[in-house]
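Hi everyone, thanks for coming. Have a look at the structure on the screen, and then let's talk about charged side chains.

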Amino acid sequence: MTTTTAYRAARTTARLDSLVADVREAVGRGLPPDLTAYLVGERLAPHLGAADLLTDEQCEGDSECYRQHVLHAEQDGSFSIVALVWLPGQRTSVHDHVSWCVTGVHEGEEHERRYRLVPADETGGPARLLATEDVVNPQGAVCGFAPPGDIHRVWNACGSRAISLHIYGADIARLGSSVRRVYELPADR
């Protein structure tokens with residue numbers, strides 16, 4: 001999976017500061033990952049599409065691969081907020097994550113294919129990925145998940161830029177990525 005990451009100290013906006021405070025409150029409840037993701041998704045939704053959420057710099061893409069802008073990493077490592085900027089045709093590898101995650105489409109739309117891992121069988125058949133769902137996430141769409149069962153691929157199939165916000169239950173500034181594992185197994189589509 002290829003991405004570029006912007007780590008410079010990002011200028012913030014009042015709306016982004018408000019989102020950080022909202023997420024901090026939800027994460028601070030100490031609930032299980034699936035419930036935390038649900039609450040964080042509720043906090044993210046009202047901010048999506050707002051013109052005053054991101055700076056111009058945080059909306060910049062990269063012509064070679066999708067770009068990750070780390071917007072906030074909580075000092076205790078409990079969550080991070082990242083903006084992913086996708087130019088037309090850019091995509092991830094099939095992957096899963098290190099923690100719970102909530103995504104929301106800020107601009108454009110994202111396409112997503114979700115997979116289930118089918119283990120190798122006792123006759124020697126290899127492990128493979130089974131596509132379970134194709135989803136088009138338009139501007140304003142929010143979804144959340146928690147491992148296991150979070151294998152997917154995301155791409156921009158539109159003719160214009162797409163921007164999504166991703167909130168992870170991990171310190172992405174320290175880890176560099178939310179990806180736990182990239183899958184190179186045969187997939188049925």
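Let me start with a question for you: does Arg43 count as buried or exposed? Arg43 counts as buried, at 17% relative accessibility. Here, buried means under 20% relative accessible area, exposed means over 50%, and partly exposed is in between, using a 1.4 Å probe and protein chains only.

A quick word on the source: this is a predicted model, where local features need pLDDT of at least 70, side-chain atom pairs count only at pLDDT 80 or more, and totals for chains, interfaces and linings use all residues. Residues are numbered from 1 along each chain as its sequence is written, and side-chain values use heavy atoms, with hydrogens and water left out.

Now, the partners. A salt bridge is a side-chain nitrogen of Lys or Arg within 4 Å of a carboxyl oxygen of Asp or Glu. Arg43 has one with Glu25, with the closest N and O atoms 2.9 Å apart. That pair links distant parts of the chain, as Arg43 is in helix α2 and Glu25 in helix α1 (residues 14-27), 18 residues apart. Helices are DSSP runs of H or I with at least four residues, strands are runs of E with at least two, and both are numbered from the N terminus. Glu25 is partly exposed at 37%.

Arg43 also meets Glu42 in a salt bridge, at 3.5 Å from N to O. Glu42 is partly exposed too, with a relative accessible area of 41%.

Glu133 sits in β7 (residues 128-138) and Arg114 in β6 (residues 109-118).
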